[in-house]
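Q: I'm new to this structure and would like a close look at a single part of it. Could you walk me through that part slowly, and then show me what lies around it?

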Amino acid sequence: MGTNHQDGTVMAEHLLVVEDDSTLRELLSASLRLAGFAVTPVTTGAEALAAVRQERPDLMVLDVMLPDFDGFEVARRLRQELPASPAGPPPVLFLTARDAAEDRINGLTVGGDDYVTKPFNLEELILRIRAILRRVSGQQPDGRLVVGDLTLDPDSRQVTRAGHTVQLSPTEFSLLRVLMEHAGQVLSKEQLLDLVWQYDFGGDDSIVASYISYLRRKMDTKEPRLIHTVRGTGYMLRRPPQ
């Protein structure tokens, strides 16, 4: 997933934050940007609908209590408006102070993918967002990651390409897993150092290029090639055309 541009680059996954409380909206937007997402903040249900039509975000963080109409109505309208769209409506994480069971059921019934009540932990919210994005971008119910004919099973640590087992070292496996979890998104060498090697404060980024080369030789020797270099930016695992 991610936002495609005319020059072929793919930017960070794009989140639409719909929240009428200005303090919370600014806090959420800043925290999500620090987590690596592109964020568009809006205040009302009408603004949310307009933003989805224009920008097609990858996910909506949608407050239920809005000044014009509630978040449930936003989700209903999107399901009615975009059912025939190739992408369909974006996944929705509802954010609300209403924690009654009927509200949670209502939110999931109108198309919500998750439901988080206030007050909430920002780290947990980000984890839930990433989990939704993984689900809609190819992760199977049993936890496997699938991109084209490439499959990675995190439990058995087995990787197959076109049905053939690919033997990877632990670091190669971790690198491929990160690339598959962010399929369609360009990751910089610095991001990969952080996500794979846990180099929070920098490191020798030449190790990234070396391991990308190892991966290509082991699992990306046939068409369509999945691992792509984005000049001056980083690397991405691109989904093959359907």
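Predicted model: local features only at pLDDT ≥ 70, side-chain atom pairs only at ≥ 80, totals over all residues.

Is the crossing of α6 and α7 right-handed or left-handed, and what does the neighbourhood of that crossing look like?

A: The crossing of α6 and α7 is right-handed. Residues from both helices make the contact: α6 brings Thr171, Ser174, Leu175, Val178 and Leu179, while α7 brings Leu192, Leu195, Val196 and Trp197. Sort those residues by class and you get 7 nonpolar, 2 polar and no charged.

Now for the geometry of the pair. Helix α6 covers residues 170-181 and helix α7 covers residues 189-197. Their axes come within 9 Å and cross at roughly 120°. Angles from 65 to 115 degrees count as roughly perpendicular and those over 145 as roughly antiparallel, with the rest oblique once the roughly parallel ones are set aside too. The two helices, α6 and α7, are therefore oblique to each other.

Helix α6 has another partner, α8. Here the axes come within 10 Å and cross at roughly 90°. That makes α6 roughly perpendicular to α8. On the α6 side you'll find Thr171, Glu172, Leu175, Leu176 and Leu179, and they meet Tyr211, Ile212, Tyr214, Leu215, Lys218 and Met219 of α8. This contact of α6 with α8 divides into 8 nonpolar, 1 polar and 2 charged residues.

So what do those nonpolar residues belong to? In soluble globular proteins, nonpolar side chains tend to be buried together. In this model, the largest nonpolar core has 28 residues, and Leu176 and Leu179 touch the most other members. Several elements supply at least two residues each: β6 (145-147), β7 (150-153), α6, α7, α8 (206-219) and β11 (234-237). The largest share comes from α6, with 6 residues.

Leaving out residues up to four places away in sequence, leucine 179 touches Leu187, Leu192, Ile212, Leu215, Ile227 and Leu237. There is also a second, separate core of 20 residues, and its members include Val42, Val52, Val74 and Leu78.

Two of those names, Val52 and Val74, turn up again where helix α2 meets helix α3. Helix α2 (residues 45-55) and helix α3 (residues 71-81) pack at an angle of about 30°, and their axes are 10 Å apart. They are therefore roughly parallel to each other, and the crossing of α2 and α3 is right-handed. The α2 side of the contact is Gly45, Ala48, Leu49, Val52 and Arg53, and the α3 side is Val74, Arg77, Leu78 and Glu81. By class, this contact of α2 with α3 has 5 nonpolar, 1 polar and 3 charged residues.

Some backbone details are worth a look as well. Arginine 56 is not a glycine, yet its phi is positive, about 45°. With 39% relative accessibility, arginine 56 counts as partly exposed. Arginine 157 also has a positive phi, near 60°, in a residue other than glycine. You'll find arginine 157 in the loop between β7 and β8 (158-161), and it is partly exposed, with a relative accessible area of 44%.

Next, the cis peptide bonds. One joins lysine 118 and proline 119, with omega about -5°. Proline 119 belongs to the loop between β5 (114-117) and α5 (122-137). Another cis peptide bond joins glutamate 223 and proline 224, where omega is about 0°. Proline 224 lies in the loop between α8 and β10 (227-230). Arginine 238, in the segment after β11, is 14 residues from proline 224 in sequence and 9.6 Å from it in space, C-alpha to C-alpha. Arginine 238 is partly exposed, with a relative accessible area of 34%.

Finally, step back to the whole chain. The protein chain holds 8 helices and 11 strands. It has 242 residues, 45% of which count as buried. Take the contacts between residues at least 6 apart in sequence, and 54% of them join residues at least 24 apart.

Terms used: Residues numbered from 1 in each chain as written. Heavy atoms only, no water. Axes fitted to C-alpha atoms, helices over the stretch in contact; angles between N-to-C directions. Helix = DSSP H or I, 4+ residues; strand = E, 2+ residues; numbered from the N terminus. Parallel < 35°, antiparallel > 145°, perpendicular 65-115°, else oblique. Left-handed = near helix turned anticlockwise from the far one by under 90°. Contact = heavy atoms within 4.5 Å. Nonpolar A, V, L, I, M, F, W, Y, C, P; charged D, E, K, R; others polar. Core = buried A, V, L, I, M, F, W, Y, C linked by side-chain atoms within 4.5 Å. Buried < 20%, exposed > 50% of the residue type's maximum accessible area, 1.4 Å probe, protein only.
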